[in-house]
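Please read the notes below with the sequence and the coordinates at hand.

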Amino acid sequence: MKPLSLHLPGIALLCSLLAAPLPVTAAGRPNVLFIAIDDQNDWIGHLGGHPMAKTPNLDRLAARGTTFTNAHCNMALCNPSRTSLLLGLRPTTTGIYGLSPWFRTLPRWKDRVTLPQHFENNGYLTAATGKIYHGGTGGGGGRAKGKAGRGAKADAAGKPEFMVTAPFGGVGTRPPKKLIGDTPMGNNPLMDWGVWPLDNDDTQKGDYQVATWAAEQIKSAPKDRPFFIAAGFFLPHVPCYATQKWFDLYPDDDSVLPKVMENDRADTPRFSWYIHWLLPEPRLKFLKESSQWRNLVRSYLACTSFTDAQVGRLLTALDESGHRDDTIVVVWGDHGWHLGEKEISGKNTLWDRGTKVPLVFAGPGVTPGQRCGQPAELLDIYPTLADLAGLPKRDDLEGLSLVPQLKDAAARRERPAVTSHNQGNHAVRSEKWRYIRYADGSEELYDMVNDPDEWTNVASKPENAAVIADLQKWLPSMDVPPAPGSASRVLTYDRKTDEAVWEGITVKRGDAIPE
């Protein structure tokens, strides 16, 4: 009698897929493509932050990976946000709250092993261009200088931040003079936006050159070791210059404007103004009176679409090089950006518009087509990438690996997202609530399910006392003062005198709020 033969191709295929190892390089570990986008809020197609946003490449990446729809920075400013992510430490632990200092100048952190160095220490080739740290590919105060080669900045032992760097990125070509003129805070060259260059030549833009170089590194990567390639895009950071074809994606009428509520700050504490007391970014009042609100919004959207196209070029390079299936891709924005909401433009806030960012993972170890609405932090990227790549675990990281959610978006997170803005000012974001406490003890609370625009502060309602008490448990236990050498966007507060000091300027209760 012949043995029974069962032909079950579906079951056989399923079993083979379950038994198959994750795609890896010939060197035995997955590659990493690390994409940073400056000042990018959730005006991304699949995130729905703006109903007209056109980002087909980011949407395509999200469809083959997992996107976090409730992801937040750890401080809404470039240097502290990026330093936190790359060191795996909160700003309230390092004291880095301003645009300076560069963390390597601080004795406690001069030897800190950063995220890219952790990969290099475990056999990866690391390469970067554009804005990864606030100072580019390493260091403070500007982009990495010189030709592609060894990293221009190094740690105390002489180890570069990246093994290979290139000096691309930034604004690129600029118009001969500002397109919009002065703003109330002066003639800051960054406060500009509009159509530029006029000849529709995108190759003159720094971000186009970032994508070109990074794509070349992907295609020419050695076969005998995995790579960690970082590409940092400057736009949609101001000045928001884009060529006409990107503006043509968005109507030149008020339908592009975000929803705002008149006198939205009437129920927010006065201290909410202190953390963006005197900034170059103009208030909504100026944008309306100068007829620049629509222009700024269209410029931001146009730059977002342009940057999305550069992300698309990197994804195409992965496809053409055969690295699509053995490369982990992560895309993140360093913080959000207001475009009229809460009566301001810019960042430096503790509301959703200032803290919420895109965060997308795709590749080996990531379940495709997932949307996770649980809170996530940029701080979580370091342990997540190390986990996905099978690197040794570190016990000195303050983030939590997102691998459980990358496998199953419904897997429960242990904690909410926490964003700080200088010592004593913190926001706690859960799935339902946003709680803010300022250094003077004043508070805000928003029901993010029923009030996603944060128009009604319900902190004073007695029935919410238990909610506030529960969220307060997550406020940072370590909350250090600004590190030595701190400057630009630094705020301190003296409870005894009830005075705040903003970049050396004393601010008192009766002082008029700058317009």
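In this predicted model, the axes of helix 6 and helix 10 come within 9 Å and cross at roughly 10 degrees. Because angles under 35 degrees count as roughly parallel, helix 6 is roughly parallel to helix 10.

**The contact of helix 6 with helix 10**

- Helix 6 contributes D207, Y208, A211, T212, A214, A215, I218 and K219 to this contact, while helix 10 contributes F306, T307, Q310, R313, L314, A317, L318, E320 and S321.
- Sorted by class, the residues in the contact of helix 6 with helix 10 are nine nonpolar, four polar and four charged.

**Helix 6 itself**

- Helix 6 comprises 14 residues, 206-219, and should span 20 Å at 1.5 Å a residue, which agrees with the 20 Å between its end C-alpha atoms.
- The buried residues of helix 6 are G206, D207, V210, A211, W213, A214, A215, Q217 and I218, and the elements that cover them include strand 1 (31-37), strand 4 (125-130), strand 5 (164-166), strand 7 (227-233) and helix 10 (293-321).

**The sheet and the helices packed on it**

- Eight strands, in the order 5-4-7-1-9-13-2-14, form an open sheet in which the pairing is mixed.
- Strand 5 and strand 14 (370-372) stand at the edges with a single partner strand each, so one side of each is left without a neighbour in the sheet.
- On average, and with direction ignored, neighbouring strands of this sheet are turned by 10 degrees against each other.
- Strand 9 and strand 13 (residues 359-362) run antiparallel and are joined by four bridges, and V331 has V360 in strand 13 as its bridge partner.
- Helix 3 packs on the sheet, where it touches strand 1 and strand 9, and its direction makes about 165 degrees with that of strand 1.
- Helix 6 also packs on the sheet, touching strand 1, strand 4, strand 5 and strand 7, with its direction at about 170 degrees to that of strand 7.

How values were computed
Residues numbered from 1 in each chain as written. Predicted model: local features only at pLDDT ≥ 70, side-chain atom pairs only at ≥ 80, totals over all residues. Heavy atoms only, no water. Helix = DSSP H or I, 4+ residues; strand = E, 2+ residues; numbered from the N terminus. Expected span 1.5 Å × (residues − 1). Buried < 20%, exposed > 50% of the residue type's maximum accessible area, 1.4 Å probe, protein only. Contact = heavy atoms within 4.5 Å. Pairing = 2+ DSSP bridges. Axes fitted to C-alpha atoms, helices over the stretch in contact; angles between N-to-C directions. Parallel < 35°, antiparallel > 145°, perpendicular 65-115°, else oblique. Nonpolar A, V, L, I, M, F, W, Y, C, P; charged D, E, K, R; others polar.
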